Amino acid sequence: MPRVQQICCIGAGYVGGPTCAVIALKCPHIRVTIVDLNQARIDAWNSPDFNLPIYEPGLEDVVREARGRNLFFSTDVDKGIRDADLIFVSVNTPTKKSGVGAGFAADLNYVELATRRIAATATSSKIVVEKSTVPCRTAESMRTILDANSKPNARFDILSNPEFLAEGTAIDDLFAPDRVLIGSLQTQEGKEACAALSEVYQNWVPKERILTVGLWSSELSKLAANAMLAQRISSINALSAICEATGANIAEVAHSIGQDSRIGPKFLRASVGFGGSCFQKDILNLVYLSESLNLKEVAEYWKQVVTMNEYQKRRFSKRVVDTLFNTITGKRIAVLGFAFKADTGDTRESAAITLIRDFQQERALINIYDPQVESDQIWTDLNEANPSVPTVGQVQRQVFICSSALEACKNAEAVVIATEWAEFKTIDWQAVYAGMNKPAFVFDGRLLVDAEKLRSIGFNVTVIGRGERL
């Protein structure tokens with residue numbers, strides 16, 4: 001069995017960066033180099049003050065300990081490939097925006113480019129590991145490209161090693177994973193490559209938590225896991241609509257059903273909708289896969305999970321308009337939170353983007369505060385979400401980015417809680433109320449605040465999944 005001494009990770013993003021930083025921390029005898037063509041991103045990973053390009057609790061401590069010892073960040077992709085025994089491919093696989101499968105299929109352009117770069121550069125045998133979330137049988141395409149373009153004496157074994165990280169807890173997830181999944185061809189060479197990667201993880205992960213399966217099962221397992229989690233969120237959000245109509249309380253309903261050991265309590269927290277880079281993308285990928293396999297009913301089943309998520313966001317923004325006397329034109333709305341969830345700076349598919357777009361179309365004025373998301377990212381996201389508004393300058397006539405929650409709420413008619421940041425629980429709501437126009441409204445899209453306490457101050461409070469009937 002080949003022993004891994006040098007690892008290269010192609011892609012220094014949300015998956016490759018934290019994953020390989022933890023591998024370096026836990027395996028000081030292995031040299032880990034993370035490569036990326038984005039010079040600004042690599043410069044941030046190498047910054048003297050550790051101003052990293054990704055916000056993730058605990059990540060800075062990991063990088064501080066390992067960087068310069070056996071963890072390195074570089075734009076020299078070719079050297080990283082040549083020196084490595086094992087190469088993680090951890091590049092972006094967004095949903096296609098045009099062409100065949102647009103809106104559903106994963107765009108594998110970056111995966112193919114990385115694969116071709118490996119084939120063109122490698123002068124010795126390598127283990128190539130899919131770390132990106134990819135459709136079933138992507139490994140087959142990678143192997144075809146590698147075999148067709150490889151140099152003499154260079155052979156490649158392909159593994160699938162999907163990540164199961166939750167942003168905001170990624171470092172904890174990496175330190176103590178529920179499982180590490182490794183898929184390989186069931187050939188002698190494939191099993192040996194699988195054992196080599198397993199040995200890397202065994203430096204800190206108990207062997208019984210390392211699952212070895214077939215290549216195609218591993219690829220599908222990642223899509224299936226995210227689809228099942230998203231399905232739970234859409235299920236509880238669907239029930240939240242019933243709660244609002246009947247006077248039931250979704251928090252009580254969720255707690256009641258979560259006590260059933262067959263169901264469990266996780267992912268049963270109603271909200272304005274799920275976001276992030278994975279859930280919607282992976283479900284749409286599953287829909288496209290089902291349709292391509294002529295499994296129409298299966299495709300329709302999974303598509304409904306995304307349909308319900310979009311409905312939940314539309315329903316929430318409509319409730320804001322309806323409550324504010326059926327118009328928010330010219331009214332100032334404070335949106336607290338822009339990241340798709342707390343403890344991350346990631347805004348991909350964030351529910352806040354949809355809400356703000358809806359408020360823009362109603363010609364409201366919007367103040368935004370988020371403790372982690374950079375202003376440039378907010379402007380980029382809002383511009384992409386509203387193509388009918390062609391320039392950032394025009395967006396900025398309606399939207400204002402604030403430096404604190406208190407500033408965002410000043411002179412507002414309503415406060416919308418879009419992200420469950422802990423600091424929003426401890427806001428001085430008395431001061432917020434004093435600075436708002438009256439009547440003052442709070443719309444809690446994350447089941448975050450003490451509604452009765454806010455009502456005692458004077459707020460009109462609307463909580464998702466909670467009806468007004470007694």
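These legends describe close-up views of a predicted model. Residues are numbered from 1 along each chain as its sequence is written, and side-chain values use heavy atoms, with hydrogens and water left out. In this predicted model, local features need pLDDT of at least 70 and side-chain atom pairs count only at pLDDT 80 or more, while totals for chains, interfaces and linings use all residues.

View 1. Ile328 lies in the loop between helix H12 (296-323) and strand S9 (332-336); helices (H or I, at least four residues) and strands (E, at least two) are DSSP runs, numbered from the N terminus. The relative accessible area of Ile328 is 0%, so this residue is buried (under 20%; exposed is over 50%, partly exposed in between; 1.4 Å probe, protein chains only). Beyond the neighbours within four places in sequence, Ile328 is in contact with Val321, Ile333, Phe359, Glu362, Arg363 and Ala364 (heavy atoms within 4.5 Å).

**View 2. Leu295 between two helices.** The loop between helix H11 (279-292) and H12 holds Leu295. With a relative accessible area of 39%, Leu295 is partly exposed.

**View 3. Cysteines without a disulfide.** The structure has zero disulfides (a disulfide is a pair of cysteine sulfur atoms within 2.5 Å). The cysteine sulfur closest to that of Cys9 belongs to Cys20, but at 3.8 Å it is too far for a bond. Cys9 is buried, with a relative accessible area of 1%. Cys243 also counts as buried, at 4% relative accessibility.

**View 4. Ile328 and Ser404.** These two residues are 76 residues apart in sequence. From C-alpha to C-alpha, Ile328 and Ser404 are 23 Å apart in space.
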